[in-house]
Amino acid sequence: MPVTTLDDLKTIKEQALPKRAERLAHASAAQDSEIRPPTPKEKRVILARCGVIDPEDVYDYIAEDGYTALLKALTTMTPRQVIDEVLKSGLRGRGGAGFPAAKKWEFAAAQQSDVKYMICNADEGDPGAFMNRSVLENDPHAVLEGMIIAGYAFGAHQGYIYCRAEYPIAVKRIQLAIKQARELGLLGKNILGSTFSFDIEVRIGAGAFVCGEETALMASIEGKRGEPRPRPPFPAVAGLWGKPTIINNVETLANVGNIIRNGAEWFTQFGNEKNKGTKTFTLAGDVVRTGLIEVPLGITLGEVVYEVAGGIKDGKKFKAIQTGGPMGGCIPEHLLETPMDYENLGAIGSIMGSGGLVVMDEGTCMVDIARFFMDFTQDESCGKCVPCRIGTRRILEILTRICEGEGEEGDIERLESLSKYIVAGSLCGLGQGAPNPVLTTIKHFRHEYEAHIKDKKCPAKVCRKLITYRITDDCPGCMVCARNCPSKAISGEKQKVHWINPELCESCGICMSVCKFNTIVVD
Amino acid sequence: MRSRDLRSVPLAPALTPAEDDPVIIPEQRAKMDAIIAEHSKKPGSMMVILNEIQAEIGHISRPMQNYLAEKLRVPLKDVYGVVTFYSFFTMKPRGKHRIAFCLGTACYVGGAEMLIEKAEQILGVKLGETTPDKKFTLEPCRCLGACSQAPAVMVDSNLHGRNAPDKIITVLRKYEKIENR
Ligand SMILES: Cc1cc2nc3c(=O)[nH]c(=O)nc-3n(C[C@H](O)[C@H](O)[C@H](O)COP(=O)(O)O)c2cc1C
Ligand code: SF4
Ligand code: SF4
Ligand code: SF4
Ligand code: FES
């Protein structure tokens with residue numbers, strides 16, 4: 001039965017609530033383990049329904065006043081009023097750059113074209129980030145509702161959700177949600193009995209990080225290689241198949257329903273002056289509590305590390321926090337007072353990115369981390385711009401050399417000047433941001449680079465060519481390490497002290513990770 | 001030459017299907033035909049079709065690309081260019097189980113390399129290779145979105161989090177019987 005009035009939605013709500021209560025009463029720990037109860041510094045808005053509603057049941061979303069925002073927009077607001085309300089809320093794009101969402105819609109609304117497209121960017125390629133996956137899997141209708149409202153605001157009739165292939169559950173749930181929304185008349189022709197029609201199709205990526213960049217993403221939907229192209233023309237003017245197109249991130253769109261439902265004023269109570277609302281972050285790495293969090297924009301990095309995440313685990317010392325994924329930076333302890341917002345993170349050489357936070361303790365080598373990120377970016381570079389393609393490869397070669405103890409005087413300066421060329425000569429954000437991890441680690445952890453280059457030492461004891469493993473005389477001879485060594489480098493008899501043959505040892509560290517008696521040390 | 005004439009030019013040797021190529025196995029070929037028929041009308045159908053073929057058949061060989069190009073009436077380069085751009089598309093068949101090791105930031109910091117080395121030792125093949133019995137293919141992949149359970153491994157479409165080098169054999173055993181090495 002199609003829904004057309006607020007009363008219809010209310011009826012569904014009344015039917016759904018008792019069912020939910022029953023389901024929750026019987027629910028075991030089957031819910032998403034990444035969603036924990038909030039800590040005091042947190043504020044759950046986007047995640048409010050995650051883990052509470054059944055993502056495979058549209059009625060359950062309606063029971064949380066779902067689709068009332070769509071009804072409100074379609075029946076009581078003009079497209080212009082929708083844009084104005086979202087402008088007033090100050091909502092900025094959550095995909096990385098932080099551009100005001102409704103500003104883009106305004107550009108697209110001004111274009112004269114009978115065909116316009118609305119794209120939801122669900123490519124979430126940043127390693128260490130999974131907030132979009134959680135929202136798609138746990139609250140798919142919120143994304144749909146936001147997309148339909150956005151489509152109404154600038155006059156699009158077709159939407160695409162571009163989701164990465166690594167997220168099969170998210171794809172399944174969003175497809176089911178689309179089907180259910182169509183059945184209720186929330187999607188398709190004459191939505192909620194209005195004159196507005198809009199439909200959505202899911203498109204799946206195929207494992208290319210650069211497809212998260214908006215122009216590459218559009219090329220991919222068109223069925224081509226996902227290579228970015230120069231802007232202008234901006235997608236809002238000429239995007240998918242040359243038509244005006246808006247691309248917004250999953251979380252940006254998930255905010256839209258709440259803003260229309262509760263008003264811009266409600267939204268602006270969270271956050272600071274230029275950064276309104278809340279933002280989800282994912283915590284990974286060496287902290288006590290990893291997982292998904294949501295905090296008002298502008299709280300400090302330190303508050304997140306020590307209060308929300310519970311500090312560093314195993315009593316170790318903090319070394320750095322990485323924000324913004326492979327194009328972000330590594331931030332040291334003395335900058336933990338930095339507020340997490342677009343301007344302040346940018347000012348210290350990092351970016352907000354999509355919100356992945358990886359915390360590293362004293363056992364992490366910052367040169368090795370820089371090498372890791374460069375390996376990522378040079379592998380994912382689409383190859384169109386020479387500075388990005390060759391430059392990142394050259395940086396990777398130098399970093400690999402340094403990590404292997406072959407670093408030379410002048411390498412740090414070489415890295416810095418190469419970085420400058422890459423930033424200046426790259427077309428898209430991937431190349432422009434690629435040097436960030438290198439530049440921030442050189443800036444804040446220069447002594448580690450110097451230790452590798454001058455003393456041929458890895459202070460964190462990570463770089464394989466610069467360390468040796470050794471078994472101490474306390475070894476009770478449990479034989480576990482010998483069984484697990486992939487290089488067959490360990491010998492010894494049962495209940496006797498074991499030893500490592502340095503000729504065979506590849507310094508992989510497996511023995512140390514499996515020894516229950518802590519009798520393996522690294523020098 | 002008009003494109004119709006071009007198509008009558010004999011195929012280059014590399015494009016001739018091998019004995020076991022899906023293009024000449026009738027039921028596999030029927031699968032391809034069904035996928036093409038279902039999606040070719042969609043705008044931007046190339047990615048959709050390739051994704052389906054990869055999922056249904058497991059790889060997209062050169063002769064399959066050639067076949068697809070003919071069916072869609074596009075130059076072969078348009079198919080080949082897309083297949084080589086995206087890391088999910090493979091031209092060679094994979095083993096029965098695909099083991100993807102996450103090499104994202106959280107998993108790298110969490111010791112993903114040790115898992116790979118251990119799995120390489122257990123199965124006797126390197127990352128990127130398939131075991132001779134065609135049971136397992138070892139592959140690297142980018143963030144699986146399970147970073148708080150690092151290091152993460154995806155076998156087929158099942159996620160295994162919080163791994164350790166000495167536990168990886170237990171994970172592998174869930175899929176095939178392997179002897180203790
Ligand atoms: C290399 C690269 C990768 C990107 N990956 C993503 C991504 O995975 N998800 C995303 O939403 N935006 C990503 N972006 C940003 C998008 O280009 C675009 O700015 C964003 O989707 C716009 O949505 P928003 O205004 O709602 O933030 C990426 C940008 C670059 C340069
Ligand atoms: S900067 Fe790199 S990824 Fe971006 S278009 Fe140029 S080569 Fe491709
Ligand atoms: S570090 Fe690796 S190679 Fe060396 S002894 Fe230990 S397990 Fe064997
Ligand atoms: S695992 Fe540890 S205790 Fe057991 S033999 Fe090896 S070094 Fe000794
Ligand atoms: S970094 Fe491995 S799952 Fe995200």
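**Salt bridges and the A–B interface**

Let's start at one residue: E183(A) is exposed, with 51% relative accessible area (exposed means over 50%, buried under 20%, and partly exposed in between, with a 1.4 Å probe and protein chains only). This is a predicted model, in which local features need pLDDT of at least 70 and side-chain atom pairs count only at pLDDT 80 or more, while totals for chains, interfaces and linings use all residues. Residues are numbered from 1 along each chain as its sequence is written, chains are lettered from A and ligands numbered from 1 in the order in which they are written, and side-chain values use heavy atoms, with hydrogens and water left out.

E183(A) forms a salt bridge with K179(A), the closest N and O atoms being 3.8 Å apart; the term requires a side-chain nitrogen of Lys or Arg within 4 Å of a carboxyl oxygen of Asp or Glu. Both residues sit in helix α8 of chain A (residues 168–183), four residues apart, about one turn of the helix. Helices here are DSSP runs of H or I with at least four residues, strands are runs of E with at least two, and both are numbered from the N terminus. K179(A) is partly exposed at 47%. Side chains of opposite charge can pair when their charged atoms come close.

Elsewhere in chain A, E201(A) and R203(A) meet in a salt bridge at 2.8 Å, N to O. Here E201(A) is partly exposed at 21%, whereas R203(A) is buried at 4%. K96(B) lies in the loop between α5 (76–85) and β1 (97–102) and E176(B) in the segment after α8 (168–173) of chain B, so the pair ties together parts that are 80 residues apart in sequence. K96(B) is exposed at 56%, but E176(B) is buried at 10%. Back in chain A, salt bridges with shared partners join R401(A), E408(A), D411(A) and R414(A) into one network. Over all chains, the structure holds 47 salt bridges.

Now for where the chains meet. In contact (heavy atoms within 4.5 Å) are 61 residues of chain A and 36 residues of chain B. The area buried between them is about 3,800 Å², with carbon and sulfur atoms giving 57%; buried area is the accessible area (1.4 Å probe) that two parts lose on being put together, summed over both. On the side of chain A, A206(A), R225(A) and F372(A) lose the most area to chain B, together 15% of what that side buries.

Three salt bridges are counted between the two chains, among them E117(B) with R464(A) at 2.6 Å, N to O. Several elements of chain A each supply at least two residues to the side that touches chain B, including β2 (158–163), α9 (214–221) and α14 (366–380). Of these, α14(A) gives the most, with nine residues.

Finally, chain B itself has eight helices and four strands. Its C-alpha atoms fill a box of roughly 60 × 35 × 25 Å along the principal axes. Of the 181 residues in chain B, 54% are buried. Among contacts in chain B with a separation of 6 or more, 57% join residues 24 or more positions apart.
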